[in-house]
Amino acid sequence: MFKVTVGDFVNQQYGDESYLENWPMLYILENGKQAYIGQSNHIKTRMAEHQKSKDKDIFVNVHFIYSSKFNLSVTLDYESKLIQYIAADGVFEVRNKNAGMADKAYFGKSEYDETFPVLWRRLQREKLVKHSLEEIENTDLFKYSPFKELNDDQRLAVDEILQKIQENPKQNIVVNGMPGSGKTIVAIYLLKYLRDSDEFRDKKIAIVIPQTSLRKTLKTIFKSIYGLCPADVIKPSDVTKQHYDILLVDEAHRLHQYRNISYRGPFKKACERIGLPMESDELDWIFHQCDCPVLFYDKQQVVGPSGIDMVRFERKLGAEKSKRLISYYTLWTQMRVKGGNNYMSYVEALFSGNVTRKKISNYDFYMVQNFAEFNQLMYQKECEYKLTRMVAGYAWEWVSKKDKLRYDIEIEGIKKQWNHCTEGWVHSNEAIDEVGCIHSVQGYDLNYTFVIIGNELGYDWSTGSFIVRRENYFDRNGKNTAGDDELLGYVKNIYYVLLTRGIRGTYLYVCDEELRKYFSNYIALLEDKNNA
């Protein structure tokens with residue numbers, strides 16, 4: 001179905017096949033280390049143009065990809081796919097820019113989606129790529145790639161944000177979005193686009209990542225992306241060390257205020273460094289140190305008193321209105337969870353108490369009443385799909401932090417330890433045998449998530465409402481200074497985040513008997529499915 005030939009790019013020797021003159025085709029320029037992927041209807045003409053380009057004179061060979069079933073729509077689509085996957089495959093450093101990367105619809109697309117793996121396997125035989133598509137899709141380099149195809153609302157937001165920045169370099173931009181709507185992807189895409197643009201080449205630009213674990217992951221990824229570097233990824237306190245033209249602030253709800261934090265000394269010094277009072281928070285640092293902050297925010301992912309809740313966030317933006325224009329955008333489409341927006345809204349409704357039972361299509365969402373079966377199924381899914389993890393709320397003390405021989409969690413005779421680390425836990429060898437907390441998984445995609453809801457959360461049938469048991473909640477910084485209603489909100493947000501990590505499915509184990517009864521009215525039992 002696909003023909004792959006090689007040509008001498010340096011000497012412009014490509015052969016005499018008729019399709020090289022006038023046929024939609026794909027090509028890969030490479031020199032053994034770097035690659036450039038493109039498409040054209042007139043390959044020989046395009047090669048002549050590339051040879052005159054200074055940034056293409058590093059290439060030696062060109063590989064032409066031909067099919068009698070190609071048309072322009074297909075080659076545009078496959079070009080984007082090849083850029084995404086080859087960049088994450090690791091054989092070549094991809095030299096493409098990411099302008100125009102978008103999910104393209106056209107007649108017969110579903111059929112061509114099915115044949116793309118055939119092309120990929122052919123490229124594997126040609127030694128142009130190494131890993132399988134499935135292996136690549138499980139990597140962070142693929143999931144956080146600046147070459148991701150954008151959906152319609154992501155593309156609209158990106159185009160309008162870039163236009164706004166060009167029109168007015170001093171303003172505040174807010175991008176709202178649920179978990180899995182692609183906030184981090186849009187932030188990384190914008191960073192790459194701005195870095196590649198001549199117009200912004202001399203601007204001070206960075207991406208702010210509040211979570212330590214995700215920040216470390218992105219620093220590692222950016223080592224492999226042409227045009228980006230680890231120094232582009234900064235923590236909030238780095239903002240106080242210099243002025244920035246543009247800051248892309250991912251997970252802005254995870255920025256901190258001077259409340260229930262462990263780094264009070266450094267926080268105070270950061271405020272003093274830029275002349276702000278102690279009542280300031282990390283959001284104030286960004287407003288003070290940046291002409292154009294782009295803030296990616298989700299009010300339902302505030303998981304503790306130190307975060308920037310919606311009231312505080314809107315109050316700070318309101319104070320900025322007299323200084324700078326504010327533009328708002330929303331990412332509506334669910335990109336992570338195969339259950340889509342239907343699943344996301346259902347999880348939200350489950351914790352609001354205003355829920356009607358519904359079936360979620362294309363997604364495994366079950367409650368398991370036997371913990372041994374729950375645990376065994378997790379290992380089974382890990383063997384089949386990889387990136388399967390067990391996670392929980394803070395309903396157990398972290399005793400193994402000081403004594404590695406002790407277990408933190410015991411349920412029905414099965415013992416587990418909390419995540420041995422926060423940074424990079426998801427991909428660590430030990431993770432499959434441990435239980436991750438919110439700080440180890442927030443911002444990450446998993447194939448399957450096994451969520452334990454501990455005894456800190458219960459249900460009161462007399463009032464028809466959730467209850468929080470402060471004595472069973474062991475995150476000291478997460479509950480100090482928080483009233484019961486506030487703490488209940490944080491706990492529900494934690495489980496909302498944990499229940500929205502799984503791409504293919506989510507399995508739930510509930511410790512509290514009354515809460516388990518409540519959820520059983522709305523979540524199918526795995527036991528019932530197995531006995532059907």
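This note comments on strand pairing, helix packing and aromatic contacts in the structure above.

1. The model is predicted; local features require pLDDT of at least 70, side-chain atom pairs count only at pLDDT 80 or more, and totals for chains, interfaces and linings use all residues. Residues are numbered from 1 along each chain as its sequence is written, and side-chain values use heavy atoms, with hydrogens and water left out.

2. Strand β4 (residues 61-66) is joined to β1 (residues 3-8) by 6 bridges, and the two run antiparallel. Strand β2 (residues 25-30) also runs antiparallel to β4, through 5 bridges. Within these pairings, T5 stands opposite F64, and L26 has I65 as its bridge partner. Strands are DSSP runs of E with at least two residues, helices are runs of H or I with at least four, and both are numbered from the N terminus; two strands pair if DSSP finds at least two bridges between them.

3. Strand β6 (residues 171-177) is joined to β10 (residues 290-297) by 4 bridges, and N176 stands opposite Y297 in β10.

4. The whole structure holds 40 aromatic pairs. Y78 and Y112 form an edge-to-face pair, 6.5 Å centre to centre with 80° between the planes. Y78 belongs to helix α2 (residues 72-89) and Y112 to helix α3 (residues 109-125), 34 residues apart. Rings of Phe, Tyr and Trp (its six-membered ring) pair if their centres lie within 6.5 Å; planes under 30 degrees apart count as stacked, over 60 as edge-to-face and the rest as tilted.

5. Y78 counts as buried because its relative accessibility is 0%, and Y112 is likewise buried, at 14%. Buried means under 20% relative accessible area, exposed over 50%, and partly exposed in between (1.4 Å probe, protein chains only).
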